Amino acid sequence: GSVDATQWQLLERKARFIAAALAGDRSIRRLEDIGAQANQFAMAKALASGDPRLMQKAGLEMEIARLRRLRAAHMDDQHAVRRTLAEAHAQTASSRKRREQIEADLKQRTPTRGDLFSMEVGGRHTTERKLAGASLLSRIRILAKECATGHWTLGRLGGFDIKAEGRSWGVGFHKLEVWFDRTGYEQEVRTEEDLTAMGLVSRLEYLLDRMEVDLAEHRRRITEAEARVSGYQRRLGEAFAYEGELDAKQAELDAIEADLGANAGRFANAATANDDGTGLQSEAA
């Protein structure tokens with residue numbers, strides 16, 4: 001029975017516009033969901049109007065907004081489930097492949113620890129670690145110093161070739177990469193400037209000895225990925241638990257809005273009928 005309802009209507013409309021602007025989505029043409037502040041203004045407007053339908057409408061809008069947020073969160077969760085499943089399947093396939101490759105490497109590997117050490121460098125075999133390391137490191141340093149480009153097999157240790165590749169680009173840019181040529185895998189061997197001959201041999205033997213560790217790591221990844229698949233597969237395709245409630249409240253809101261719209265139409269028709277043609281209502285009206 002006062003102008004409060006109109007004032008709250010203006011505040012509600014402004015709050016809707018502000019919420020849409022802050023959302024930053026220029027594609028929005030109709031704002032389906034309103035923020036908490038706009039809902040509060042709508043409820044205040046309904047209370048000020050004294051019309052129970054408006055109060056019911058404001059309450060329904062708040063409930064529908066809450067349920068829509070829950071549905072959006074459910075959809076996001078389903079996207080996350082699908083993404084996690086895809087990553088788990090990819091991890092399983094990748095680790096299974098690496099597991100097979102490492103198992104093949106273990107069959108190919110020959111022992112080098114202790115007196116079993118034997119290394120080939122430049123076509124010559126030696127059982128002296130320091131001599132073998134010095135010869136290999138010398139070849140690496142020469143290739144790096146000359147900025148040589150190409151591919152080379154520098155030597156062989158533990159049943160695997162030690163290879164290198166030199167690449168140049170631009171002016172003064174050169175990179176030499178050294179690696180163990182393993183099954184389906186080029187295992188990098190770092191050769192920094194302060195690396196010694198014995199340090200290089202120790203690094204090579206360490207990489208050979210880590211194969212069992214790498215195999216165990218990929219077996220663990222397979223187990224964990226399969227566990228994720230088992231857990232997330234059950235959640236894939238779950239329906240939104242409150243879909244029925246949301247539909248029912250939306251139908252109720254539509255009915256109230258239709259009723260309010262019909263009342264507004266009847267009021268407008270009555271006002272037109274009482275107009276005396278001068279733009280002013282008659283004294284009887």
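Helices (H or I, at least four residues) and strands (E, at least two) are DSSP runs, numbered from the N terminus. The structure is a predicted model, in which local features need pLDDT of at least 70, side-chain atom pairs count only at pLDDT 80 or more, and totals for chains, interfaces and linings use all residues. Residues are numbered from 1 along each chain as its sequence is written, and side-chain values use heavy atoms, with hydrogens and water left out.

**View 1. Overall arrangement of the protein.** Seven helices and six strands are present. Their order along the sequence is α-α-α-β-β-α-β-β-β-β-α-α-α. Of the 285 residues in the protein, 30% are buried (under 20% relative accessible area; exposed is over 50%, and partly exposed lies in between, with a 1.4 Å probe and protein chains only).

View 2. A pocket is an open set of points on a 1 Å grid over the protein atoms alone, where a 1.4 Å probe fits, with protein on both sides within 12 Å along at least five of seven lines; lining residues have an atom within 4 Å of a point. The second largest pocket has a volume of about 220 Å³, where volume is the space filled by probe spheres set on the points, which are joined across faces, edges and corners. Its lining comprises 13 residues, of which Ala 144, Lys 175, Leu 176, Glu 177 and Thr 191 are the closest to the centre. Helix H4 (129–145) and strand S5 (173–182) each supply at least two lining residues, and S5 gives the most, with five. By class, the lining has five nonpolar, two polar and six charged residues; Ala, Val, Leu, Ile, Met, Phe, Trp, Tyr, Cys and Pro count as nonpolar, Asp, Glu, Lys and Arg as charged, and the others, Gly among them, as polar.

**View 3. Ile 140 in helix H4.** Ile 140 lies in helix H4 and is buried, with a relative accessible area of 1%. From C-alpha to C-alpha, Ile 140 is 8.3 Å from Thr 191 in space, while 51 residues separate the two in sequence.

View 4. Cys 147 is placed in the loop between H4 and strand S3 (150–157). Its phi is near 55°, a positive value in a residue other than glycine. Most residues other than glycine have a negative phi. Cys 147 is partly exposed, with a relative accessible area of 41%.

**View 5. The crossing of helices H3 and H6.** The axes of H3 (residues 52–108) and H6 (residues 211–233) come within 8 Å and cross at roughly 155°. H3 is therefore roughly antiparallel to H6. The contact of H3 with H6 has 11 nonpolar, seven polar and 11 charged residues.

**View 6. Asp 77 in helix H3.** Asp 77 lies in helix H3 and is partly exposed, at 27% relative accessible area. Glu 238 is 161 residues from Asp 77 in sequence, and the two are 9.9 Å apart in space, C-alpha to C-alpha.

Terms used. Axes fitted to C-alpha atoms, helices over the stretch in contact; angles between N-to-C directions. Parallel < 35°, antiparallel > 145°, perpendicular 65-115°, else oblique.
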